[in-house]
Amino acid sequence: MQDSSRPVTGYPVHNVNGCGPPPPATSTTAYPYVNPSPYPYYPAPPPQNPRPTFFRRLFVAFALLLIIFGTILLIFWLVLRPHLPDFSIQSISLSNFNASNQRVNGTWNAQFQVSNPNKKLSIYYGDIVSSVFHKDDFLTETKIGQFVQGTREVNSVEASYSVVDSFVEGKVVDAMNGERSRGELKFNIKVVADVAFRYGGWRGRRRILRVWCDDVALTGSSGKMTGGSKKCSVD
């Protein structure tokens, strides 16, 4: 005979005291332990375009060559130490001069002394133009022939200027006649030349040489006036 006080297996147990069954025990879900890698992962960089790298290297190489060439040229230039030539007027004359009615006539003849102070460099003189001014007013100009000047060489260069019935402002005529009445007439002589320094087969870059001979004084009669030596500035 089956005992009725024994609970039936497989069915919920009823508390004989009328209370509900105890709540089920809570449990936490367990996850497996993952050990982080000591070496972080970085994605591979994208492939670079070789063209910018090539142009950068080409630019650096060109800059280095330019610096080397400039350094060699500077050393070469310092060793040779080029100096500008010296200019002076040895003599000057003015004949058949007349200034009236805003017209000027006259002929100037000048002799320049040109000195090359360089011990190792010769000087090539290309296109040479010389002009005559009364103060800042242009009167006439002429061309001088090309020549080459050796080291430590001194040359005499002649220039002839002529003006025939040339128009000038009345104030210029009055100023020249006023000076002549006081016994001395002054002019400014300018020389512009295309020059280049030479050392053996090497020739330097051409440059413009400017020569100013200011306040060149002439004295004498109206038929012919003469002047002495005058040092000129060169740049």
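Modeller: Happy to; we can go from the overall layout to a cavity, a helix and one serine.

Modeller: Keep in mind that this is a predicted model.

Biologist: What share of the contacts comes from residues 24 or more positions apart?

Modeller: Among contacts with a separation of 6 or more, such pairs account for 70%.

Biologist: Switching topic: how many cavities of 30 Å³ or more are there?

Modeller: The count is one. About 60 Å³ of space lies in the largest cavity.

Biologist: Which residues line the largest cavity?

Modeller: Its lining consists of Phe87, Phe112, Val114, Tyr125, Ile128, Ile144, Phe147, Val157 and Val191. By class, that gives nine nonpolar residues, with no polar and no charged ones.

Biologist: Now helix 2. How far does helix 2 reach from its first C-alpha to its last?

Modeller: Helix 2 covers residues 170-181, twelve in all, and spans 16 Å, close to the 16 Å expected at 1.5 Å a residue.

Biologist: Which residues in helix 2 are buried, and what do they pack against?

Modeller: The buried ones are Val172, Val173, Met176, Gly178 and Glu179. They pack against strand 1 (86-100), strand 2, strand 3, strand 4 (137-144) and strand 7 (185-199).

Biologist: What about the backbone just after helix 2?

Modeller: Gly183 sits there and takes a positive phi of about 95°.

Biologist: Last one: where does Ser91 lie?

Modeller: Ser91 is in strand 1.

Biologist: Why does Ser91 count as partly exposed?

Modeller: Ser91 counts as partly exposed because its relative accessibility is 31%, and that class runs between the 20% limit for buried and the 50% limit for exposed.

Biologist: What is Ser91 in contact with, leaving aside neighbours within four places in sequence?

Modeller: Ser91 is in contact with Asn109, Ala110, Gln111, Gly227 and Gly228. There's also Ser229, 138 residues from Ser91 along the chain, with a separation of 5.6 Å between the two C-alpha atoms.

Biologist: Great, thanks!

Terms used. Residues are numbered from 1 along each chain as its sequence is written. This is a predicted model: local features need pLDDT of at least 70, side-chain atom pairs count only at pLDDT 80 or more; totals for chains, interfaces and linings use all residues. Side-chain values use heavy atoms; hydrogens and water are left out. Contact means heavy atoms within 4.5 Å. On a 1 Å grid over the protein atoms alone, a cavity is a set of points where a 1.4 Å probe fits but cannot get out, and a pocket is an open set with protein on both sides within 12 Å along at least five of seven lines; lining residues have an atom within 4 Å of a point. Grid points are joined across faces, edges and corners, and a volume is the space filled by probe spheres set on the points. Ala, Val, Leu, Ile, Met, Phe, Trp, Tyr, Cys and Pro count as nonpolar, Asp, Glu, Lys and Arg as charged, and the others, Gly among them, as polar. Helices (H or I, at least four residues) and strands (E, at least two) are DSSP runs, numbered from the N terminus. The expected span of a helix is 1.5 Å times one less than its number of residues. Buried means under 20% relative accessible area, exposed over 50%, partly exposed in between (1.4 Å probe, protein chains only).
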